[in-house]
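Here are my notes on the model shown below, written for someone opening it for the first time. Please read them with the structure at hand.

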Amino acid sequence: MKVAVLGSGAGALAVAADMSRHGRRTVMAGLDDEQKELDPVAERGGVLVADGGRTATHPVDVAGSTTEALAGAELAVVVAPCDDRKRWARAISPHATPDHTVLLVGVGGGAIVARRYIEPPTVVAETNTLPHRARATGPATVDVTAKRGGVLVASLPAIPPDTARVMELIGDVWPQAAATDTVWTTVLTSYDALEAAAAGAAGAADTDAVEAADAELRALRQALFSRESRGYDEFRTAQGLTQTAAEALTPADAAEDVAGAGDVPGALMLASSLGRTAGVPTPAINALVSGAEARLGRDLTAPAPTLAALGLGGLDVTGLIGFARSGLFP
């Protein structure tokens, strides 16, 4: 099986190494202005992974373009920050075929962006988190801590054959991944973004802020009839991580993550937008975003995919649930 891994950051390197290690012919590509960041992978002929004190290089090719990476690939995994997802969806769209499955990993919401540009019968799906924590430690080198669980996968539309197809393609690579009901569940279990916002806003782990925002996320999931009832602590236990992301990050790391990834506004502002539609107040989530803005000195809401920006403005709760099940935009 050929897999195209689209992205150039630490998460993309880790995903590419995972695919290669499990027997996939793995090809990476970046956006035009990021392609040069993959030069070290091409020079090494793969990705060097450090995992639990062990190191190994896994063979990975680098394509000259998205078109080349997608040619003959059964699976395309997009590993990119929220504000790059539209660019990736547009890049994939002209080349998407019924034989492709497109999976956006990271914080939830990516499948909604992709579905605006990539039409059925191409399968489109997303996760609520990366299947590991990954940090680049050198050229074509990444340090990885795998998660043992808490990785959810939802297709858009939420139809069983599409979800089953995704799980068939990734099940042996990420056995910790589990299918869930709809993209609203993956959007509202984006705890990595919540942790980064809490650390970025306070300059250290802020347990109270995380707990308050978690309560709001759980209330939102209930309002949207999600079948996922677990909260933050249960997800972290399932993932088998000894530290939360906020505890593991230094203040400088947290600021870098908030500023660079774009995933805090992407995940939390979408949750806030859902709250306004569902009648669920989200003051804790809003405060986390405001605090991160104050710390970084810039507006984080401008690139955020609110419901209106995603083409879902004006829908009520029933309409949002219907969209997740049908994949049809109003």
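1. Strand S1 and strand S2 (residues 25-29) run parallel and are joined by five bridges. Strands here are DSSP runs of E with at least two residues, helices are runs of H or I with at least four, and both are numbered from the N terminus. Two strands pair if DSSP finds at least two bridges between them. Across this pairing, Val5 stands opposite Met28 in S2. Together with helix H1 (residues 10-21), S1 and S2 make a right-handed β-α-β unit; right-handed means that, with the strands pointing away from the viewer, the path from the first strand over the helix to the second runs clockwise.

2. This is a predicted model, in which local features need pLDDT of at least 70 and side-chain atom pairs count only at pLDDT 80 or more, while totals for chains, interfaces and linings use all residues. Residues are numbered from 1 along each chain as its sequence is written, and side-chain values use heavy atoms, with hydrogens and water left out.

3. S1 also pairs with strand S6 (residues 75-79), in the parallel sense and over four bridges. Here Val3 stands opposite Leu75 in S6.

4. Is S1 buried or exposed? Five of the five residues of S1 (residues 2-6) are buried, so the strand is largely enclosed by the rest of the structure. Buried means under 20% relative accessible area, exposed over 50% and partly exposed in between, with a 1.4 Å probe and protein chains only. Lys2, Ala4 and Leu6 point one way from S1, Val3 and Val5 the other way, and all are buried.

5. S1 belongs to an open sheet of eight strands with mixed pairing, in the order S5-S2-S1-S6-S7-S8-S11-S12. Strand S5 (61-62) and strand S12 (177-179) are at the edges with a single partner strand each, so one side of each has no neighbour in the sheet. Strand S11 (residues 151-155) runs parallel to S12 and is joined to it by three bridges, with Val151 opposite Ala177 in S12.

6. A further open sheet, of four strands, has the order S4-S3-S10-S9, again with mixed pairing. Strand S4 (54-59) and strand S9 (132-138) stand at its edges, each with a single partner strand, so one side of each is left without a neighbour in the sheet. Within this sheet, strand S3 (residues 46-51) and strand S10 (residues 141-146) pair in the parallel sense over three bridges. The bridge partner of Ala50 in S10 is Asp143.
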